[in-house]
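Please look over the structure below.

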Amino acid sequence: QVQLVESGGGLVQAGGSLKLSCAVSISIFSANVVGWYRQAPGKERESVANIYRGGSKNYADSVKGRFTISTDNTRNTVFLQMDSLKPEDTARYYCRAYYFSREYWGQGTQVTVSS
C-alpha cells in the first residue's frame, strides 16, 4: 500500500508564503504523475499542480506564477512552494500519486490565509 503524508500547512497572512511537503512511501520516480489538490469548504476538490514522469508540469490558472511544484526523488518527496498567498487559497491541500492505473491520496494539510 502506497502511503502519502503531507506536512507544512498552517496559518499565514495574505501575501505570505508556505511550503508543503508530501512524503511518499515508495519511489516517486516510477509514478505516472504526482501532484497537489485542494478542497475548500463547500467546494469540490480541484487540481492545483502536477508533475509528470519526464518532468513536465501543469498548474491551475489561479496559482500560475505564485505556486511551484517540485520533487526530491532521493527522498521520495513532493513539494509545493506557495508564494503571494491569497485568502482564496484557504483550503485543505492533498497530495496525490498515480501509479499503474491506481491513485493514492494523503490525508491532507490545512492552509489558512488571513486577510
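In this predicted model, Glu 103 and Arg 96 are joined by a salt bridge between their side chains, with 2.8 Å from N to O. Glu 103 has a relative accessibility of 41% and therefore counts as partly exposed. Elsewhere, Arg 38, Glu 46, Arg 66 and Asp 89 belong to one network, joined by salt bridges that share partners.

The structure has six salt bridges. Among them is the one between Asp 89 and Arg 38, whose closest N and O atoms are 3.0 Å apart. Asp 89 is located in the loop between E8 and strand E9 (91–99), while Arg 38 belongs to strand E4 (residues 33–39), so this contact ties together parts that are 51 residues apart in sequence. Both Asp 89 and Arg 38 are buried. Lys 64 and Asp 61 also form a salt bridge through their side chains, at 3.1 Å from N to O. Here both Lys 64 and Asp 61 are exposed.

| Salt bridge | N to O distance | Accessibility |
|---|---|---|
| Asp 89 and Arg 38 | 3.0 Å | Asp 89 buried, Arg 38 buried |
| Lys 64 and Asp 61 | 3.1 Å | Lys 64 exposed, Asp 61 exposed |

Next come the aromatic rings. A pair of aromatic rings is described by the distance of the centres and the angle of the planes. The model has two aromatic pairs. In one of them, the ring centres of Tyr 37 and Trp 105 are 5.0 Å apart and the planes stand at 70°, which is over the cut-off of 60 degrees, so the pair is edge-to-face. Tyr 37 is in strand E4 and Trp 105 in strand E10 (residues 102–105), so the pair links distant parts of the chain, 68 residues apart. Tyr 37 is buried, with a relative accessible area of 16%, whereas Trp 105 is partly exposed at 29%. In the other pair, Tyr 99 and Tyr 104 have ring centres 6.3 Å apart and planes at 70°, and this pair is therefore edge-to-face. Tyr 99 counts as buried at 4% relative accessibility, and Tyr 104 counts as buried at 11%.

Charged side chains also sit over aromatic rings. The charged end of Arg 45 lies over the ring of Trp 105, at 4.7 Å from its centre. Lys 19 is placed over the face of Phe 79, 4.6 Å from the ring centre.

How enclosed is strand E8 (residues 77–82)? Five of its six residues are buried, so the strand is largely enclosed by the rest of the structure. Strand E3 (residues 18–24) pairs with E8 in the antiparallel sense, over six bridges. Within E8, Phe 79 stands opposite Ser 21. Strand E7 (residues 67–72) also runs antiparallel to E8, and six bridges join E7 to E8. Leu 80 in E8 is the bridge partner of Ile 69. E7 and E8 form a hairpin with four residues between them. In the turn, Asn 76 has a positive phi of about 50°.

Notes. Residues are numbered from 1 along each chain as its sequence is written. This is a predicted model: local features need pLDDT of at least 70, side-chain atom pairs count only at pLDDT 80 or more; totals for chains, interfaces and linings use all residues. Side-chain values use heavy atoms; hydrogens and water are left out. Buried means under 20% relative accessible area, exposed over 50%, partly exposed in between (1.4 Å probe, protein chains only). Helices (H or I, at least four residues) and strands (E, at least two) are DSSP runs, numbered from the N terminus. Two strands pair if DSSP finds at least two bridges between them. A salt bridge is a side-chain nitrogen of Lys or Arg within 4 Å of a carboxyl oxygen of Asp or Glu. Rings of Phe, Tyr and Trp (its six-membered ring) pair if their centres lie within 6.5 Å; planes under 30 degrees apart count as stacked, over 60 as edge-to-face and the rest as tilted. A charge sits over a ring if NZ of Lys or CZ of Arg is within 6 Å of the ring centre and within 35 degrees of the ring normal.
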